[in-house]
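Please look over the sequence and the model shown here before reading on. The report is meant for a reader who meets this structure for the first time.

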Amino acid sequence: APQFPLTNGFDVYALYPSTVKRESTSFSVKTQQADDDSYRASDLIYGTVLDADGNRQSVARSADAAELTFKHMLSKIVVKLEPGSGAPDINGASVRIQNVRTDIGITSCGLSGLTLGAASGDKQAVVATYSYQYDLENKGCAAIIVPQTVDAGKFMRISLKNGTTMTYRLPENTTFAGGYVYTSTVTLNSSGLAVRAFIEPWDEDSGIIGRQYTIGDTENEKE
């Protein structure tokens, strides 16, 4: 059973998913995130108790529950599809994030925080969670990748249920940082696609204002 000091304060931290331990040296996201369980298993989170200024603080002995603040450590890519000219049917479409590494080193893990190393492993495709269903409640899908710089070139592959495939190419090497959400609104035209994108903090209360992210407003090809 857990043991706690009777007088002095103590430090608390938490890790998610449960497969991550203090002695872990690496973490991998799932390449197939089409189901909710695989998506959540790819979401590496670290939590601790913070004071009003955002600094770690010890927990005093108290009958009250300690409140932990959690931080997403990886990068989230959200893709929102919308029909453009020619009005292609986007119901049942699937999205793959291409040419990304899926492994990352853990250099330290404990009371001092969770520190990540460099992305590693072969470049692969990650299938975004859920087949795209175009309705008022669900207008997007998402994938989690480890922080990394992705080379210019093929990055996003969208497959429609009629067999049409469209690809978005990054115009330049692009860095995806941990703790941020990269949202792309993709307009699908009969001749290809166009992308508008921006970046914002993954953690809602981080105090960092979302800013414009310039990988977008780019026409790409239909395969």
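## Basis of the report

This is a predicted model, in which local features need pLDDT of at least 70 and side-chain atom pairs count only at pLDDT 80 or more, while totals for chains, interfaces and linings use all residues. Residues are numbered from 1 along each chain as its sequence is written, and side-chain values use heavy atoms, with hydrogens and water left out.

## The protein as a whole

The protein has 16 strands and one helix, where helices (H or I, at least four residues) and strands (E, at least two) are DSSP runs numbered from the N terminus. Of its 223 residues, 42% count as buried; buried means under 20% relative accessible area, exposed over 50%, and partly exposed in between, with a 1.4 Å probe and protein chains only.

The accessible surface comes to about 12000 Å², and 46% of this belongs to carbon and sulfur atoms; such areas come from the Shrake-Rupley method with a 1.4 Å probe, and for residues only the protein chains shown count as cover. Among contacts (heavy atoms within 4.5 Å) between residues at least 6 apart in sequence, 67% join residues at least 24 apart.

## An open sheet of three strands

Three strands form an open sheet in the order β1-β3-β4, with antiparallel pairing; two strands pair if DSSP finds at least two bridges between them. Because β1 and β4 (69–72) stand at the edges with a single partner strand each, one side of each is left without a neighbour in the sheet. From one strand to the next, the twist averages 20°, based on axes that are lines fitted to C-alpha atoms, for helices over the stretch in contact, with angles running from 0 to 180 degrees between N-to-C directions.

Within this sheet, β1 and β3 (residues 45–48) pair in the antiparallel sense over four bridges, and L15 stands opposite Y46 in β3.

## Backbone features

Most residues other than glycine have a negative phi, and most peptide bonds are trans. The peptide bond from Y16 to P17, however, is cis, with omega near 0°, and P17 is found in the loop between β1 (13–16) and β2 (26–28). N99 is not a glycine, yet has a positive phi of about 60°; N99 lies in strand β6 (residues 94–110) and is partly exposed, with a relative accessible area of 36%.

## A buried residue

V195 is placed in strand β14 (residues 192–201), and counts as buried because its relative accessibility is 0%. The C-alpha atoms of V195 and S184 are separated by 6.3 Å, although these residues are 11 residues apart along the chain.
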